[in-house]
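Thanks for letting me take a few minutes today. I would like to walk you through a couple of residues and then a pocket, so please keep the structure in view while I talk.

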Amino acid sequence: MSFKFPLSFPVFEGNEKKYSNKAIEAGHLATYGEFIPKFERKLAREMHSHQAVALNSGTSALHLAMVLLGIGPGDEVICQSFTFCASANPIVYLGAKPIFIDSEKDTWNMSPELLEDAILSRINEGKKPKAIVTVHLFGMPAKMNEILEIAGKYQIPVLEDAAEAVGSKYFGKFCGAIGKIGVYSFNGNKIITTGGGGALISDDVFLIEKAKYLSTQAREDLPYYHHLEIGFNYKMNNLAAAIGLAQLEQLNAWVKKRRLINQRYRELLDGFPGITFQEEQEGSYSNYWLSTILIDPVTTGMNNDKLRVIFLKNDIETRFLWKPLHLQPVFQDMPYYGGNVSENLFKTGLCLPSSVTLTLDDQKLVVSHIEKELIKTFG
């Protein structure tokens, strides 16, 4: 469905056409060509990481990262509940079990306190978790200092799902480059896109080399196909990497624009009772991939679904926040630690249009529909 104001729409204002035409002219459209290593090197430099491996989706990156961490049948992996299913699905792919953790109210990400409770509980039951998957939701950094301290205490590796947080920082470090392994998504609606794609980054040289090997069907360096391990067809293609390189050249500009859009929403909605935002904490710098609000139904006289329908009727795309994974039917039998923080966020939250092309007048129009509804309710 096409919207006048889409939630997050890609913009191609740089070298996308130039680079993609060069890839086409060279005839290198698959997993060979100059733009794959160029994209990987630039991404690693931008994120201040040892090296990056360009892959065909964020989900592939998550799956491959879990393979690298040795996760397999019977293992348990702690995962943030308030996130998209791609954070947890690869755990199940590998025959392991996700252990879901509720969010804390500050960043909406994994609660460090509940994380430690869960680790101790699982250890007491004779099953030490194999890894921790934490997410930087909507670009907002999680409380990584606390999470890493707990993970180090119990010697459990942290996998950062930074799919939504390319360009976000936490105490000066780029999200994705803080834990043992980080992954990104370059899907069509992300802050930068390759059409469909992802990446895995790490400072561990062995893990990077292993990721490159496994992502290309674990082919041995021989003049014929020879395989000692089961690999995956996960490598990003050269055409996607050409687009990604051009997008990456504009990352800083896109982050600034998304932050400006978020700032404008805050200013336009300032003084509206019952509407609050996801807030940066000390040391956090969010890319504000999506600007999100919480709507108090008691104070405002409306809920997120009512507002979503109003926007829909006016050709404005919005979206609920993620439905917690522990509430999803496919995960209903999995352990969950926490209360109702993530559930309440889902019940009251809404993502607003956040494309970098939004003008101030566009945002005023979006906010006017909230204002009209409040006037109807309170006069």
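Predicted model: local features only at pLDDT ≥ 70, side-chain atom pairs only at ≥ 80, totals over all residues.

If we set aside the neighbours within four places in sequence, the residues in contact with Asn189 are Ser8, Trp289 and Arg319.

Let us now turn to Lys22, which belongs to helix α1, residues 16-26. Is Lys22 buried or partly exposed? With a relative accessible area of 41%, Lys22 is partly exposed, and once its neighbours within four places in sequence are left aside, Lys22 is in contact with Glu34 and Phe35. For a sense of distance, Lys22 and Tyr184 are 162 residues apart along the chain, and their C-alpha atoms are separated by 25 Å.

My last topic is empty space. Rolling a probe the size of a water molecule over the atoms shows where such space is left. The largest pocket in this model has a volume of about 320 Å³, and of the 22 residues that line this pocket, the closest to its centre are Phe84, Ala86, Ala163, Ser185 and Lys190. Which element gives the largest share of the lining of the largest pocket? That is helix α3, residues 58-68, with 3 residues. Sorted by class, the lining of the largest pocket has 11 polar, 7 nonpolar and 4 charged residues.

How values were computed:
Residues numbered from 1 in each chain as written. Heavy atoms only, no water. Helix = DSSP H or I, 4+ residues; strand = E, 2+ residues; numbered from the N terminus. Buried < 20%, exposed > 50% of the residue type's maximum accessible area, 1.4 Å probe, protein only. Contact = heavy atoms within 4.5 Å. 1 Å grid on protein atoms, 1.4 Å probe; cavity = no way out; pocket = protein on both sides within 12 Å on 5 of 7 lines; lining within 4 Å. Points joined across faces, edges and corners; volume = space filled by probe spheres on them. Nonpolar A, V, L, I, M, F, W, Y, C, P; charged D, E, K, R; others polar.
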